[in-house]
Amino acid sequence: MTEFAFTAAERQAVYRVISERRDMRRFVPGSVVPAEVLARLLHAAHAAPSVGLMQPWRFIRITDDALRKDIHALVDEERALTAQALGERAEEFLALKVEGILECAELLVVALCDNRDVHIFGRRTLPQMDLASVSCAIQNLWLAARAEGLGMGWVSLFDPRRLADLLDMPAGAEPVAVLCVGPVPEFPDRPSLELDGWAVARPLPEFVWENRWGRA
Ligand SMILES: Cc1cc2nc3c(=O)[nH]c(=O)nc-3n(C[C@H](O)[C@H](O)[C@H](O)COP(=O)(O)O)c2cc1C
């Protein structure tokens, strides 16, 4: 512990929000997110670190119901294609709830900006650090939403070119997430994919090594 540490209660809140954040697909229909809360969530996202301070994130708030339905249709198409690609697990996959686009209070599309090639600092050998930066912003939003008592679901089941066209994105910009945000009926204490029997999260010791790959 150093002199810069937060108080015990503050630290507990930080670890609590990290452990109680969940990916949510079920929302309270007809609910709203107050404007000031949405503003806090976007500020939290915008406070994220980014490679070379490029701030590659762009947020598009979807308020047009017809557009929301179009986005849902794109996701549903990709859901069917994903099921096909999964082969023998297709039926099991189709039984999962994987998005809450039509029910959530707020729908946000997060995209990588255009003209990213001018940013070389930290990206010369690892151009994907732009995506890593956007992911940091999304995680900030996710944690802030949980602290505000709101659920968030990250949906990545879509054809990025078609979503870019639907939202008039310029060439080079790329959508990376459809975020469903809003009040939820409950927060499960484990990932939905575990509760639904799709996958099991593995424990930390399996991911931490010393000096060389795979050495415990
Ligand atoms: C990059 C990314 C994309 C994701 N895309 C989807 C998605 O399209 N549909 C979905 O149901 N969940 C999606 N998820 C949520 C994961 O399934 C979820 O984070 C994981 O099962 C762990 O559950 P937890 O977030 O509740 O801890 C995505 C998560 C991440 C980080």
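By class, the residues around the ligand split into six nonpolar, one polar and four charged (Ala, Val, Leu, Ile, Met, Phe, Trp, Tyr, Cys and Pro count as nonpolar, Asp, Glu, Lys and Arg as charged, the others, Gly among them, as polar). This is a predicted model, with local features taken at pLDDT of at least 70, side-chain atom pairs at pLDDT 80 or more, and totals for chains, interfaces and linings from all residues. Numbering runs from 1 along each chain as its sequence is written, and side-chain values use heavy atoms, leaving out hydrogens and water.

The shell consists of Arg21, Arg22, Asp23, Arg25, Val98, Trp154, Val155, Ser156, Leu157, Pro191 and Leu193 (a heavy atom within 4 Å). Turning to polar contacts (N or O pairs within 3.5 Å), a polar side-chain atom of Arg22 sits 2.7 Å from a ligand oxygen. Backbone polar atoms also take part: one of Asp23 is 2.8 Å from an oxygen atom of the ligand, and one of Val98 is 3.0 Å from a ligand oxygen. Of the 620 Å² of accessible area that the ligand has on its own, the protein covers 71% (Shrake-Rupley method, 1.4 Å probe).

Definitions and conventions. A polar contact is a pair of N or O atoms within 3.5 Å; within protein, one must be able to donate a hydrogen and the other to accept it, and residues adjacent in sequence count only if both atoms are side-chain atoms.
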